[in-house]
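Hi,

Here is the structure I promised to pass on. Have a look at it first, and then read my notes below.

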Amino acid sequence: MRSNRMGWGLLAPTLIILGIMGLLPFFYVLVVGFFDWNVVSATGKPIWTGANNFRRLVFDPNFLGAMSRTLLFTVTVVVSELVLGFVLAQALVKEFPGKSFFRTIHALPLMVAPIAVGATWRLMTVPGFGIAPYYLDRWFGIDYNIGRYAEHAFATTILMDVWHWTPFVTLTMLAGLSALPKEPMEQALVDGANRWQVLRHLTLPMMMPVIITTTFIRLMDALRVVDEVYLLTGGGPGDSTRFIGIHIWRVVMTWTDYGYGSAVSLLVYYFTLVLCWLLFIALTQIGRQQE
Amino acid sequence: MSRTKSRNILGWIGTYALWISMTLITLLPIYWLFVVSARTRVELFGRPTLLQTSFYIDNYLKPLSTPAFQRYLTNSLIVATSNALLVAVLAVLATYALSRWKLGGSDSIFFWLITNRMAPAAAFILPLYLLFTRAFRLGDVTLYDTRIGLILLYCLFNLPFAIWLMKGMMDGIPIELDEAAFVDGASTWTVLTRIIVPLAGPGIAVTVILSWVFAWNEYLFAASLTSVQARTITTGLAEFVTVTGTNWGEMAAVSFISLLPALIFLAFVQRYIVMGLTFGAVKE
């Protein structure tokens with residue numbers, strides 16, 4: 001009655017579509033990565049170059065610069081969002097009139113298209129009529145210009161990401177906090193522990209599974225940021241906000257350097273596999289602990 | 001006694017002050033977007049104020065009446081809707097299989113699903129571009145710049161998401177129900193359509209809505225794998241910055257149109273966003 005063949009049959013369409021769209025392309029670029037191939041070059045034909053593309057990757061200042069920039073961005077936003085989200089979740093745990101309204105509005109940025117987030121922030125920060133440069137100049141005398149100053153552009157991408165994704169952390173933390181038992185904390189307070197000790201020795205350890213999951217997911221999402229930064233700054237000024245995703249876009253679509261682009265894509269995909277593998281181990285560990 | 005009471009009142013004031021300011025911070029950029037979309041060029045470059053009394057509807061009417069923009073909008077609607085429905089059907093079949101059969105290697109399948117959802121889209125651009133333009137071809141017909149290409153491609157991130165979201169709901173339907181039906185001689189198809197789908201209805205609805213929103217929001221693939229015919233509204237929006245450059249009012253109007261679905265669906269699905277985004281690891 002329940003033959004395994006039936007089960008695989010139901011799963012087959014999913015596996016086929018994902019195999020064609022998600023796996024096959026990487027076997028293709030694994031081959032292309034060993035060729036020198038640029039459609040606008042003199043020949044426009046692939047030429048065998050062995051491991052040259054991969055060797056170039058290791059010494060390419062553009063690639064390494066984009067990588068370190070992305071890491072700095074990722075660490076900054078993930079840490080700020082975790083701290084901010086945890087504090088906000090603490091302020092949402094107790095019941096109060098209007099809580100679900102605030103929560104719903106707070107979740108709004110999660111649904112907005114990243115490209116629209118970029119457009120929105122560009123309109124806020126564009127010199128000339130944006131409210132951010134106008135009021136920063138008027139109230140604090142700061143000459144804020146994301147088209148001219150690299151630090152301003154970089155800081156603005158961080159602020160934008162915090163605006164966009166802190167709600168995600170708040171909501172996961174809130175879900176985690178609401179699921180915790182109340183008795184241990186109340187007992188500890190009765191026994192004379194202060195709030196800080198309760199947070200440090202009870203709440204945080206019990207929240208670890210949720211914190212780890214949230215951190216990993218935010219990490220992966222921050223590493224792949226493209227759309228909103230592209231619309232906000234276009235990667236500039238100079239290369240100050242050219243994160244790894246935007247770098248790949250330039251290599252592939254602007255320079256049409258397919259051989260080298262394949263090497264970059266493969267390496268980034270490989271990093272993702274490793275990170276996902278770690279996440280998966282963490283998730284299964286958590287699942288076992290909860291059982 | 002009065003001390004704890006005054007402390008409580010201070011706590012309430014603090015909570016409300018915090019959440020009212022958070023709400024303002026969340027809404028300010030979106031409100032400003034709306035304000036810009038309602039202003040003429042002259043108003044825009046005057047002194048920036050947050051108050052807006054007039055509404056310059058031409059910012060909306062102009063893009064809405066250009067054929068290119070109408071095509072973007074239609075494409076986005078068709079692609080998002082077809083993709084959401086396709087994803088829902090495939091996800092029901094897949095989660096039913098994963099929940100009722102002990103298939104060897106289903107752990108590896110789950111791992112691979114996460115990878116597809118988490119991989120940087122940028123790493124997929126070149127592989128897919130080469131495949132769409134060169135490998136998948138019948139004569140002159142390729143998947144490049146077609147809606148069907150995007151519909152199938154968006155399964156890449158939506159299907160893993162949908163399976164993670166629905167797996168828990170599927171596990172929640174008691175297996176005794178299908179077994180009783182099988183004893184009465186029902187086929188797998190009957191069990192799926194008569195028992196599973198009605199019981200999983202609300203979950204399927206949430207999956208469809210969120211998949212729809214994610215497909216509607218997608219930019220990177222649409223920008224690299226379409227050129228004219230299959231362009232979507234997000235790519236149209238980016239063109240305002242790169243091509244026409246300075247038409248801020250219209251750009252704001254198009255942005256506002258593109259985030260309307262988020263505003264409309266938010267209240268229905270916000271409870272499930274967390275579960276979907278954390279692969280069911282965090283439940284509410």
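Let me start with a pair of helices, one from each chain: H1(A) passes H4(B) in a left-handed crossing. Bear in mind that this is a predicted model. The axes of H1(A) and H4(B), the latter covering residues 67-100 of chain B, come within 8 Å and cross at roughly 140°. Angles over 145 degrees would count as roughly antiparallel, so at roughly 140° H1(A) is oblique to H4(B).

Who does the touching here? On the H1(A) side you'll find Gly7(A), Leu10(A), Leu11(A), Pro13(A) and Thr14(A), and they meet Leu90(B), Leu93(B), Ala94(B), Tyr96(B) and Ala97(B) of H4(B). Sorted by class, that contact has eight nonpolar residues, two polar ones and no charged ones.

Now for the whole contact between the chains: 77 residues come from chain A and 76 residues from chain B. Helix H1 of chain A, residues 4-32, gives the most to chain A's side, with 18 residues. That side of chain A has 58 nonpolar, 16 polar and three charged residues.

One more helix to look at is H5(A), residues 114-125. How many of its residues are buried? The count is 12 of 12, so to speak a mostly covered helix. Among the buried residues are Trp121(A), Arg122(A) and Met124(A). Its length checks out too: at 1.5 Å a residue, the 12 residues of H5(A) should span 16 Å, and the end C-alpha atoms are 16 Å apart, which agrees.

Cheers

Conventions: Residues numbered from 1 in each chain as written. Chains lettered and ligands numbered in written order. Predicted model: local features only at pLDDT ≥ 70, side-chain atom pairs only at ≥ 80, totals over all residues. Contact = placed C-beta atoms within 7 Å. Helix = DSSP H or I, 4+ residues; strand = E, 2+ residues; numbered from the N terminus. Nonpolar A, V, L, I, M, F, W, Y, C, P; charged D, E, K, R; others polar. Axes fitted to C-alpha atoms, helices over the stretch in contact; angles between N-to-C directions. Parallel < 35°, antiparallel > 145°, perpendicular 65-115°, else oblique. Left-handed = near helix turned anticlockwise from the far one by under 90°. Expected span 1.5 Å × (residues − 1). Buried ≥ 20, exposed ≤ 12 C-beta atoms within 10 Å, placed from the backbone.
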